[in-house]
Amino acid sequence: MYDVPMFIDGAEHRAVDGAWFDSEDPYTGKPWAQVAQGGAADVDLAVATANAALEADAWGGLTATARGALLVRLADVIAEHADELAALEVNDNGKLLAEMAGQVAYVPQWFRYYGGLADKIEGRVLPIDKPGYFAYTRREPVGVTAIITPWNSPLLLLAWKLAPALAAGCTVVVKPSEFTSASTVALARLLHEAGLPKGVFNVVTGFGKDVGAPLVEHPDVAKVSFTGSDATGRSIGASAGQGIKHVALELGGKSPNIVFADADLISAANGVVSGIFAATGQTCIAGSRLLVQREIHDELVSRVVELAGTARMGDPRSPDTQVGPITTRPQYQKVLSYLDVAREDGAQVALGGGPADPADVGDGWFVRPTIFTGVRNDMRIAQEEVFGPVLAVIPFEDEADAVRIANDSAYGLGAGVWTSDMGRALRMADAIKAGTVWVNTYRAVSFMAPFGGYKSSGVGRENGAEAIEEYLETKTVWINSGAPVGNPFVLK
């Protein structure tokens with residue numbers, strides 16, 4: 001068994017009460033690691049450590065340029081250890097090694113990008129309309145930041161938050177998913193060995209009620225950044241609001257992948273399959289609703305069914321595997337329950353529709369790639385996030401009908417548009433209520449491109465120059481440079 005302790009104040013840390021819990025390998029369904037089970041006392045220690053590091057010379061005393069140079073150095077260390085970090089992620093979440101290796105290899109770019117932005121944080125001199133006064137603004141770190149990450153892409157989604165937070169000068173306490181803690185602790189160890197000062201990056205492992213709730217509620221936490229389900233996000237947002245904390249929420253989606261009759265159907269079919277099945281559907285931007293113009297409905301669905309039907313399921317560590325297991329046992333049961341819900345609502349199974357045969361894939365939590373046709377947009381399978389390899393196909397008539405269906409959702413995270421008409425592409429991009437619209441592609445992300453959602457898909461933006469703003473406060477400074485001080489009872 002692999003031990004996963006917490007990491008606080010630059011050192012490994014066992015839970016105050018000594019408790020541990022098992023982490024299961026989704027491919028085998030068996031425990032592979034034991035994880036320290038933290039609680040409120042561990043949270044208090046981590047937050048106190050992070051709070052002290054804010055003012056300590058080792059971190060708070062760094063110039064912005066020195067802080068940026070440190071982030072670039074951290075990027076190099078992550079790159080050197082990318083393979084071992086990716087292997088830990090596969091053990092924990094069961095996603096393809098090829099996918100996790102690609103993600104972790106890309107993570108250093110976030111640290112390089114925000115390292116370069118660290119000393120570009122600037123205030124402004126204000127053209128004040130009051131003679132005799134000089135006024136300017138300063139940008140300052142918001143303070144101790146609580147970061148709560150999900151199980152589907154632990155290090156990539158952590159980097160989206162951690163890199164800009166560090167560039168802004170914040171300190172952090174991370175609560176990783178209880179299902180995927182190993183890589184986050186390993187990263188903390190590596191970064192501190194590479195020179196990140198003690199107390200700047202702390203990790204408290206455990207369950208939401210024991211660690212997540214006291215972390216969000218802690219009076220010394222100034223900012224909460226969360227990625228996960230909209231239900232949990234609502235709870236975190238409400239709790240953070242009670243504490244008057246800054247909050248960023250990257251939540252769920254029910255993203256439409258919209259294919260028009262004039263699209264390149266081979267590319268569109270590839271994009272549709274990649275958008276929902278390549279990550280076993282376990283991504284917030286999964287293109288889980290396929291909207292197809294009616295005149296090409298049967299042809300495109302036939303292509304997608306044929307292509308998805310060739311997917312090879314099995315060991316995520318094998319280079320031949322194309323679809324891995326569901327990451328957690330509860331999520332596996334949830335996905336299977338949605339297959340029943342879809343059938344009960346009248347959707348027809350065009351592909352899959354149940355668990356994989358253990359004789360083919362072993363004892364892990366595998367669900368066959370599933371495609372439902374005959375779906376109406378008011379069905380639960382079209383409105384609720386499944387977070388699994390399940391595609392709902394919905395026909396549409398024209399642009400207006402496609403926009404109506406696409407926007408008829410509580411979510412607004414992403415959308416795809418497939419067409420050879422660039423005028424149509426631009427009209428659709430304007431009309432769709434989503435934080436990202438891809439045209440003739442899907443699931444492209446970059447450290448340079450802002451990411452976030454409309455409606456129930458979240459609050460705030462990650463990536464791009466906008467993300468660093470999430471971790472900064474603005475202070476205004478007024479200086480009387482010679483104006484007389486008049487009547488003290490009259491505000492001027």
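Author: Start with Phe 134. Its relative accessible area is 37%, so Phe 134 counts as partly exposed. The label has cut-offs: buried means under 20% relative accessible area, exposed means over 50%, and partly exposed lies in between (1.4 Å probe, protein chains only).

A word on the source. This is a predicted model, in which local features need pLDDT of at least 70 and side-chain atom pairs count only at pLDDT 80 or more, while totals for chains, interfaces and linings use all residues. Residues are numbered from 1 along each chain as its sequence is written, and side-chain values use heavy atoms, with hydrogens and water left out.

Phe 134 sits in strand S7. Helices (H or I, at least four residues) and strands (E, at least two) are DSSP runs, numbered from the N terminus. Phe 134 also belongs to a nonpolar surface patch, together with Val 125 and Ile 479. The patch covers about 260 Å². Patches are built from residues with over 30% relative accessible area and no salt bridge; nonpolar side chains (Val, Leu, Ile, Met, Phe, Trp, Tyr) are joined within 5 Å, like charges within 9 Å. The areas come from the Shrake-Rupley method with a 1.4 Å probe; for residues, only the protein chains shown count as cover.

Three strands form an open sheet, and their order is S6-S7-S23. The pairing is antiparallel. Strands S6 (125–126) and S23 (472–480) stand at the edges; each has a single partner strand, so one side of each is left without a neighbour in the sheet. Two strands count as paired if DSSP finds at least two bridges between them. S6 and S7 (residues 133–141) pair over two bridges, in the antiparallel sense. Look at Leu 126: its bridge partner in S7 is Ala 135. What holds such strands together? Strands of a sheet pair through backbone hydrogen bonds, either parallel or antiparallel.

Compare another strand. S9 spans residues 171–175, and five of its five residues are buried. In a regular strand, side chains alternate between the two faces of the sheet. In S9 both faces are covered. Thr 171, Val 173 and Lys 175 lie on one side, Val 172 and Val 174 on the other, all buried. S9 pairs with strand S8 (residues 144–148) in the parallel sense, over five bridges. Val 144 has Thr 171 as its bridge partner in S9.

Next, the aromatic rings. Rings of Phe, Tyr and Trp (its six-membered ring) pair if their centres lie within 6.5 Å; planes under 30 degrees apart are stacked, over 60 edge-to-face, and the rest tilted. By this rule there are 15 aromatic pairs. One of them is Tyr 2 with Trp 32: stacked, 5.3 Å centre to centre, with 20 degrees between the planes. That pair links distant parts of the chain, 30 residues apart: Tyr 2 in strand S1 (residues 2–4) and Trp 32 in strand S5 (residues 30–36). Tyr 2 is partly exposed at 31% relative accessible area. Trp 32, at 15%, counts as buried. Phe 134 has an aromatic partner too: Phe 134 and Tyr 136 form a tilted pair, 5.8 Å centre to centre, with 40 degrees between the planes. Tyr 136 counts as partly exposed because its relative accessibility is 26%.

Rings also gather. Tyr 106, Trp 110, Tyr 113, Tyr 114, Trp 160, Phe 447 and Phe 451 form one aromatic cluster.

Last, charges. A salt bridge is a side-chain nitrogen of Lys or Arg within 4 Å of a carboxyl oxygen of Asp or Glu. The count comes to 24. Among them, Glu 99 bridges to Lys 95, with the closest N and O atoms 3.4 Å apart. Both Glu 99 and Lys 95 are buried. Asp 119 bridges to Lys 120, where the closest N and O atoms are 2.7 Å apart. Asp 119 is partly exposed, at 31%. Asp 378 bridges to Arg 376, the closest N and O atoms being 3.0 Å apart. Asp 378 counts as exposed at 56% relative accessibility. Arg 376, at 46%, counts as partly exposed. Salt bridges with shared partners also join Asp 262, Glu 399, Arg 424 and Arg 427 into one network.
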